[in-house]
Amino acid sequence: MSDPLAVLDQRPQPGEPREYDFPDFERSTLDNGLTLLCCHVPGRPLLQAQLIVRGDAGGGGTSEAAEHAGATVLTARAMSEGTTERDAVAFVEAAERLGSEMRASAGWDSLTVNLEVPRSHLAAAMELFAELALQPSFPGREVERLRDERLNDLQQVMADARRRAEKAFPAVIYAVGVPYARPLGGVEETVSRLDRDVLEARHAALMRPEASTLIVCGDLDELPVEAIVGSAFGEWPAAAENGLALPAAPDEAAAGRRVVIVDRPAAPQSEIRVGHVGTSRRTDDFHALSVMNALLGGLFNSRLNMLLREERGYTYGVNSTFDMRRAAGPFGVRCAVESDVTAPAVADIMAELGRIGEDPVGDDELDAARDYLIGVFPLRFETSAQVAGALSGLVVHGLPDDELDRYRPAVAAVTADDVRAAAEAHIDAEAASIVVVGDASVCETELREAGYGEVEVIQDEGFGPADE
């Protein structure tokens, strides 16, 4: 039998990363203020267009009225339910005849309308695309159906431990009343108020050419893209004024750390979330922060996963993420563990959060994190849709045009000292709050005794002792 160690010695070793340059793109502006980005990607005949209403001008859920939280998401979903020119069925049939697909979606920082179409049908599809974006009819019956679907989904959230934890966590780390403390799609009280008039008003307030950018990606060789876009969107009138008001502090943190247990009596597992308010995408140390998070909890062989999964056997997987928005999104560690190891798992997570800014960073783990980020970067842009998505990130976050070209060299230059500095700046174990969705009788006492902060036990309707 061959020597196993000799076989290991013969394994192929990683080579030097291949050179990669993000595709060039050109920027222009229509007379009405609409910005156009054209990115030629040879050999990609399936084109992708994205019309983005930018967050700096009020696009996205951050600027919606608190009493109508969820309006932006529902507006985006309802846009494809018919236009002033044709109903939903007729619109879908017209799009399918062109081999195209169109849809709209919304996030915290933008509302985006997407088009995917073969290059041979771009001109006709762009006219239909403009109809979807600018002339949705918001049929009352369809709006009611989508609203009811959202309300039903919110009820399902309460029954799903993972989704219940995701709902509870922002409300714990952000101050009461700020946008980021609530779900992007709204809550039962606000969604129930949404009707056709609310959605129509939201659409009218958002859709302004001077606040929007249209990205077109794919094989654009000899295509008169600017003329095609001008024909479809050139008559879109600029708004007289911007009536959208962005909140002064959408990311204001809650005062003091907390421990919140959403009680699920007899639950075999606990969903755990640990973290605090993070940082915005435009942080100066973005590349060092990316490397730091990769080695903390972003890779399979990260510190958190190697400890909680491989060494302790507590979980199938644990990860850490910075949800970077225009303002400071949440930083969180996420995992599910067996109920009886809930408190020990939390203790290990808290210890790793404290250690990341104090202990030396090993050469092997630093190389692994940097090499992974550098290696997968080109794989993220194999299709026109992926390239358009990357450009949309520049638009939404207001990043410089060379941001994507600088990424790999900047990551390669990150040092161990840079990683520790990023951890010290952006991770604070002493400020981290904890959310557990699980059996409170198993973990409450230990979590109180650990001194992580004020402990609150929440009993959701339908899960309390009265039902036993």
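1. Helices (H or I, at least four residues) and strands (E, at least two) are DSSP runs, numbered from the N terminus. The model under review is predicted: local features need pLDDT of at least 70, side-chain atom pairs count only at pLDDT 80 or more, and totals for chains, interfaces and linings use all residues. Residues are numbered from 1 along each chain as its sequence is written, and side-chain values use heavy atoms, with hydrogens and water left out.

2. The pair within helix α15 may be taken at the outset. Glu 403 and Arg 406 form a salt bridge (a side-chain nitrogen of Lys or Arg within 4 Å of a carboxyl oxygen of Asp or Glu), and their closest N and O atoms are 2.5 Å apart. Because the two residues are 3 apart in helix α15, about one helical turn separates them. Glu 403 is buried at 6%, whereas Arg 406 is partly exposed at 35%. Elsewhere, salt bridges with shared partners join Arg 77, Glu 81, Glu 142, Arg 145 and Glu 149 into one network.

3. The structure holds 34 salt bridges in total. Side chains of opposite charge can pair when their charged atoms come close. One of these bridges connects Glu 131 with Arg 86, with 2.9 Å between the closest N and O atoms. Glu 131 lies in helix α4 (residues 122-134) and Arg 86 in the loop between α2 (71-78) and α3 (88-97), so the pair ties together parts that are 45 residues apart in sequence. Glu 131 counts as buried, at 6% relative accessibility, while Arg 86 is partly exposed, at 29%.

4. A further bridge joins the side chains of Glu 430 and Arg 257, at 3.8 Å from N to O. This pair links distant parts of the chain, 173 residues apart: Glu 430 is in the loop between α16 and β11 (433-438), and Arg 257 is in the loop between α9 (225-233) and β7 (258-263). Glu 430 is exposed, with a relative accessible area of 61%.

5. The loop between α16 and β11 also contains Ile 427. With 9% relative accessibility, Ile 427 counts as buried. Ile 427 and Gly 275 are 152 residues apart in sequence, yet their C-alpha atoms are 8.4 Å apart in space. Thr 415 and Asp 363 are 52 residues apart in sequence and 9.4 Å apart from C-alpha to C-alpha. Thr 415 counts as partly exposed, at 35% relative accessibility.

6. The cysteines deserve a separate remark. A disulfide is a covalent bond between the sulfur atoms of two cysteines. With the criterion of a pair of cysteine sulfur atoms within 2.5 Å, the count comes to 0 disulfides. For Cys 39, the closest cysteine sulfur is that of Cys 217, at 4.4 Å, which is too far for a bond. Cys 335 is likewise in no disulfide, the nearest cysteine sulfur, that of Cys 443, being 12 Å away. Cys 39 is buried, with a relative accessible area of 0%, and Cys 335 is buried at 5%.

7. Phe 138 is not a glycine but has a positive phi of about 50°. Phe 138 is found in the loop between α4 and α5 (140-159) and is buried, with a relative accessible area of 1%. Ala 266, also not a glycine, has a positive phi of about 70°. Ala 266 is found in the loop between β7 and β8 (269-277) and is exposed, at 68%.

8. Lastly, the surface charge. Glu 19, Asp 21, Asp 24, Glu 26 and Asp 405 form a negative surface patch. Patches are made of residues with over 30% relative accessible area and no salt bridge, like charges being joined within 9 Å and nonpolar side chains (Val, Leu, Ile, Met, Phe, Trp, Tyr) within 5 Å. Asp and Glu count as negative, Lys and Arg as positive, and His and the chain ends are not counted. The patch member Glu 19 is found in the loop between α1 (4-9) and β1 (25-29) and is exposed, with a relative accessible area of 77%.

Key
Accessible areas come from the Shrake-Rupley method with a 1.4 Å probe; for residues, only the protein chains shown count as cover. The place of a charge is taken as NZ of Lys, CZ of Arg, CG of Asp or CD of Glu. Buried means under 20% relative accessible area, exposed over 50%, partly exposed in between (1.4 Å probe, protein chains only).
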